[in-house]
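Thanks for coming. Please have the sequence and the structure open.

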Protein chains: 2
Amino acid sequence: MSNPAYTAMWEKLNLDIPAHDGLLEVLGKFYGDIYMSQQGRLQGMEYLDFVLSEVHGLRIQELQQAKEQGKKIIGTFCVFVPEEITLAAGAVHVGLCSGADAGTEEAEKLVPRNTCALIKSFIGFKLARLCPFTESCDLVVGETTCDGKKKAYEAFAEHVPMHVMEVPNTKSDAARDLFKTEVLRYMQALQQLTGTAITPQALASGIRTVNAKRRALQRLSALRSADPAPISGRDALLINQVSFYDDPERFTRSINTLCDQMEDRIARKEGIAPAGTPRLLLSGCPMAVPNWKLPYIMESSGAVIVGEESCIGTRNTRDLVDESQETLDGMIDALVDRYMKIDCACFTPNTERLHNVTAMAQELKADGIVHYALKFCQPYAHEAFKIEKAAREKDIPVLSVETDYSMEDAEQLKTRVEAFVEMVRG
Amino acid sequence: MSNPAYTAMWEKLNLDIPAHDGLLEVLGKFYGDIYMSQQGRLQGMEYLDFVLSEVHGLRIQELQQAKEQGKKIIGTFCVFVPEEITLAAGAVHVGLCSGADAGTEEAEKLVPRNTCALIKSFIGFKLARLCPFTESCDLVVGETTCDGKKKAYEAFAEHVPMHVMEVPNTKSDAARDLFKTEVLRYMQALQQLTGTAITPQALASGIRTVNAKRRALQRLSALRSADPAPISGRDALLINQVSFYDDPERFTRSINTLCDQMEDRIARKEGIAPAGTPRLLLSGCPMAVPNWKLPYIMESSGAVIVGEESCIGTRNTRDLVDESQETLDGMIDALVDRYMKIDCACFTPNTERLHNVTAMAQELKADGIVHYALKFCQPYAHEAFKIEKAAREKDIPVLSVETDYSMEDAEQLKTRVEAFVEMVRG
């Protein structure tokens with residue numbers, strides 16, 4: 001990506017160029033080690049390799065072109081911010097950098113050290129001027145899904161234009177009413193920012209576009225029940241990660257093409273790993289680019305990952321918005337109903353997640369579950385106990401992991417994961 | 001408290017008698033060291049000494065008598081659960097044990113190790129069968145004020161009868177509507193449990209009783225602006241702690257008597273410490289009985305504490321419910337308005353707390369603020385950064401402390417506090 005045009009663009013975005021060059025170099029090497037070392041990948045992954053290699057280049061150039069055309073860029077960190085509405089306002093919806101340690105020292109001047117790596121990361125990326133997505137944003141939309149983010153956005157708001165949506169703590173009728181109010185408030189904020197009135201036609205189109213993206217990812221997810229596994233977990237995670245950055249229509253086309261290739265491969269009974277390879281479901285906290293540590297450890301310990309029960313995974317793709325509504329209010333209700341189905345650990349109770357995780361493990365013929373909680377993420381750390389119990393009742397072994405973005409525990413994790421893989425191979 | 005009648009009562013409550021005897025012995029010694037060693041205490045503190053010495057004895061006996069008369073016992077952990085409504089239903093409202101390490105090993109089988117000491121404590125007290133309040137409860141009422149409690153109540157509900165109130169994340173109109181729904185739902189749950197319909201007369205009486213208690217504590221708080229300080233911070237904290245356990249009317253009378261004595265002492269220009277003693281405001285997380293570590297360290301380092309900006313302190317007593325309403329709905333609205341004023345770190349934003357803390361420091365002529373966050377309490381740890389900034393703008397020094405219930409850091413804390421006291425003494 002050492003393209004002079006990109007460098008000029010990054011300078012215009014006020015990135016710290018030497019530090020950003022360093023970051024891209026590390027990222028490129030990391031990607032090479034973890035991704036390019038795989039044998040027998042699907043041809044369609046070339047598209048993903050390209051997108052990722054251009055994630056701070058071509059995609060940012062596209063965002064700048066969109067801005068020149070008067071479009072607004074909306075940055076988010078969470079699956080509760082409805083992309084359907086962003087698209088209906090003619091804006092671009094992107095996830096922001098939050099998957100690597102960056103600017104940690106600076107971040108710890110704004111938020112406590114005992115804050116999860118994802119939160120410290122997005123603050124650090126901003127303070128160290130390393131994320132061209134964040135720097136391109138006209139608005140960053142946060143939510144109150146956990147104490148850490150809820151309070152960190154207060155500090156973050158001093159550095160970026162912020163809008164925070166309240167996500168309730170339960171799924172009661174009153175909580176749903178509150179979330180609907182928040183969806184309407186987000187719509188208003190967007191209309192004000194973009195100067196565009198959201199029409200029923202535009203919202204219907206936004207809903208169709210995002211549903212199509214989710215359907216492609218559902219198709220991908222379902223194909224992974226095949227043995228041998230047609231795609232690695234690393235590649236599937238990358239696809240889910242890229243779904244937050246790429247243009248949604250282009251992305252959907254590419255994933256459907258990839259799914260066609262997966263179907264061919266399945267028909268030939270071929271896979272990324274031999275039949276009988278221990279199959280694991282990864283469940284828990286979101287893994288933002290380039291947080292590939294645990295998937296890499298799992299797949300280099302003799303296992304293949306067959307599903308990601310995570311916000312960057314099925315939590316974001318499981319449910320669709322009803323497309324049969326014709327009025328704006330009907331569509332918004334349909335959208336609210338869809339978002340209130342999300343089985344995030346921020347809700348109490350969140351028993352549907354226990355069912356979803358175990359059902360997913362069974363559908364994908366997983367031999368075991370690795371539950372992943374970011375250190376200091378209280379909601380998922382608490383739910384790890386419940387997942388273990390629910391899985392035990394269905395005789396599914398669980399390995400519960402708590403980690404962050406550092407490599408310090410990599411050896412220790414590998415030892416634990418290898419022992420777990422041996423156990424499920426049993 | 002080694003009274004055979006009490007032992008029989010504790011056995012009936014299924015306490016672990018040897019472990020409970022051990023706990024009371026440690027608690028008694030700790031209380032002796034921290035409280036009885038003080039010189040020149042107010043005579044009215046004898047009442048508090050008595051209440052505390054009988055907190056697992058006489059008070060529990062009273063609860064059993066109330067139960068025999070058909071009254072229900074409601075246990076809580078948070079100032080968001082409206083005592084006014086509990087009293088209106090003819091029930092007894094008590095705080096539950098949560099201020100000491102107990103049953104930690106058992107608790108860590110239900111909740112993550114990285115959970116704050118207060119939460120692990122209430123779970124540990126239950127699992128180790130050490131809290132006669134918890135064992136006396138007909139209903140435990142939780143709330144969604146932090147991730148830790150919100151998720152821990154799910155596990156706790158397997159061991160006690162639970163009702164969880166949703167406290168919203170913001171103070172928007174929609175959030176207030178949600179909280180009103182939750183207050184009404186609590187009222188319904190209580191009416192069902194007690195078989196008592198809550199009348200306007202009963203609610204008006206509940207509001208008057210709790211307002212009178214809060215007024216007595218406000219009076220106590222205001223008297224502490226005198227120099228020399230008329231009461232130690234330890235004693236004032238104890239009073240606030242006991243306000244969660246004692247009969248409210250008896251408590252209010254006793255505190256008003258104590259305030260009369262404080263006024264006499266102030267008129268004589270006498271105090272618990274010499275005039276000119278460095279005055280500190282303690283701000284942050286709640287300190288449940290017997291969590292007296294930090295106040296003791298502060299007051300044995302040459303300072304006197306002049307206020308507790310905490311849930312067990314002014315956060316619970318600052319605001320009163322409007323008494324002018326005559327209809328049930330009017331009273332409930334007044335009550336909701338009062339509770340939505342609470343400046344808990346669970347809200348985003350919570351800027352009023354910054355004003356409240358600095359104004360309190362100025363009114364009480366504090367020379368500095370010690371901000372106290374329980375380890376792993378994200379909301380208060382995040383706000384510590386804001387308090388430091390707000391206080392700096394008013395030239396008030398701040399020492400930010402993060403600790404738990406263990407004594408391991410006592411020496412290190414003492415060193416830091418002593419240096420801070422020397423600095424503010426200037």
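With which residue does A:E158 form a salt bridge? The partner is B:K389, and the closest N and O atoms are 3.8 Å apart. A salt bridge here is a side-chain nitrogen of Lys or Arg within 4 Å of a carboxyl oxygen of Asp or Glu. By that rule there are six salt bridges across the interface of chain A and chain B.

Before going on, some housekeeping. This is a predicted model, where local features need pLDDT of at least 70, side-chain atom pairs count only at pLDDT 80 or more, and totals for chains, interfaces and linings use all residues. Residues are numbered from 1 along each chain as its sequence is written, chains are lettered from A and ligands numbered from 1 in the order in which they are written, and side-chain values use heavy atoms, leaving out hydrogens and water.

Back to the interface. Chain A brings 44 residues to the contact and chain B brings 44 residues, with contact meaning heavy atoms within 4.5 Å. About 3500 Å² is buried between the two chains, and carbon and sulfur atoms give 50% of that. Buried area is the accessible area, with a 1.4 Å probe, that two parts lose on being put together, summed over both. Of the area that chain A buries against chain B, A:K151, A:Q378 and A:H382 supply 19%, more than any other three residues.

How do the two copies relate?

Now the helix, α7 of chain A, residues 117-127. Helices are DSSP runs of H or I, at least four residues, and strands are runs of E, at least two, numbered from the N terminus. Is α7(A) mostly covered or mostly open? It is mostly covered, with 10 of its 11 residues buried, that is, under 20% relative accessible area with a 1.4 Å probe, protein chains only. Among the buried ones are A:L118, A:I119, A:F122 and A:F125. The buried residues of α7(A) pack against α2, α6, α8, α9 and β7 of chain A. Just after α7(A), A:R129 takes a positive phi of about 55°.

Terms used
Buried < 20%, exposed > 50% of the residue type's maximum accessible area, 1.4 Å probe, protein only.
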